[in-house]
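I set out to record what can be looked up in this structure. My entries proceed from the whole chain to particular contacts.

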Amino acid sequence: LYAHYQLFGPAAHQRGSISAIIGTGLGGGVIEKGPVVKGAGGFAGELGHVHVPMHGLLEPGQPLPHCNCGFDGDAESVASLTGIEKNLLPWWLTRYPDHELARAESIAKAAKLVRAFGESGDPMALAVFEQQAKAVGRLFTIAANFTDPDAYFLGGGVVEAAPHFREWFLGK
């Protein structure tokens, strides 16, 4: 909401935007001509649980990611810290068994360290974040088909990262 009003200023009530915030989960919001779209039950804009096409996002043999909500292949199952911990990192570590993160105390601790590895250009970490970037891009593409917003906002850990890494991620 803040980003929407910052970007559009006095014209905010005439504009629409979609936000995706990558954290432990994948939060989101939809604003259409000023107000936040809430829906009848208050659950509209739950972008994390929108199914995104996985063909071309997943590597051959990579299992379909599972979300804590019970869905398989939704945006949050890839684009979140939980998605890294439960889906992406375990699979990528089978491809990089000698990686330093394979020796972490737990997969949860390793998942929290992936961003630092990505910032330093580590190939495995970049593969993880490339999948996240593709998932977010597909999510925004789907959203464009039903709202056609004036702006898209991305927040969370990947945009709070080092500038070169943030630009790399946004460019994917």
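**Basis.** I am working from a predicted model, in which local features need pLDDT of at least 70 and side-chain atom pairs count only at pLDDT 80 or more, while totals for chains, interfaces and linings use all residues. Residues are numbered from 1 along each chain as its sequence is written, and side-chain values use heavy atoms, with hydrogens and water left out.

**Whole chain.** I find 5 helices and 3 strands in the protein chain, arranged along the sequence as α-β-β-α-α-α-β-α. Helices (H or I, at least four residues) and strands (E, at least two) are DSSP runs, numbered from the N terminus. The radius of gyration, taken over C-alpha atoms, is 17 Å. I note a box of roughly 55 × 35 × 25 Å for the C-alpha atoms, taken along the principal axes.

**Helix 2 and helix 3.** I looked up how helix 2 (residues 81-95) packs on helix 3 (residues 107-119): the angle is about 95 degrees and the axes are 9 Å apart. That makes the two helices roughly perpendicular (65 to 115 degrees). Axes are lines fitted to C-alpha atoms, for helices over the stretch in contact, and angles run from 0 to 180 degrees between N-to-C directions. L81, I84, E85, L89, P90 and L93 of helix 2 are in contact with I107, A108, A110, A111, K112 and V114 of helix 3 (heavy atoms within 4.5 Å). By class, I record 10 nonpolar, no polar and 2 charged residues here. Nonpolar covers Ala, Val, Leu, Ile, Met, Phe, Trp, Tyr, Cys and Pro; charged covers Asp, Glu, Lys and Arg; polar covers the others, Gly among them.

**Helix 3 and helix 4.** V114, R115, F117 and G118 in helix 3 meet A125, L126, V128 and F129 in helix 4. The contact divides into 6 nonpolar, 1 polar and 1 charged residue.

**S19.** Is S19 buried or exposed? I find S19 in strand 1 (residues 16-22) and buried, with a relative accessible area of 15%; buried means under 20%, exposed over 50%, partly exposed in between (1.4 Å probe, protein chains only). Leaving out residues up to four places away in sequence, S19 touches G27, G28, G29, L47 and F153.

Key
Parallel < 35°, antiparallel > 145°, perpendicular 65-115°, else oblique. Rg over C-alpha atoms; globule rule 2.2 N^0.38 Å.
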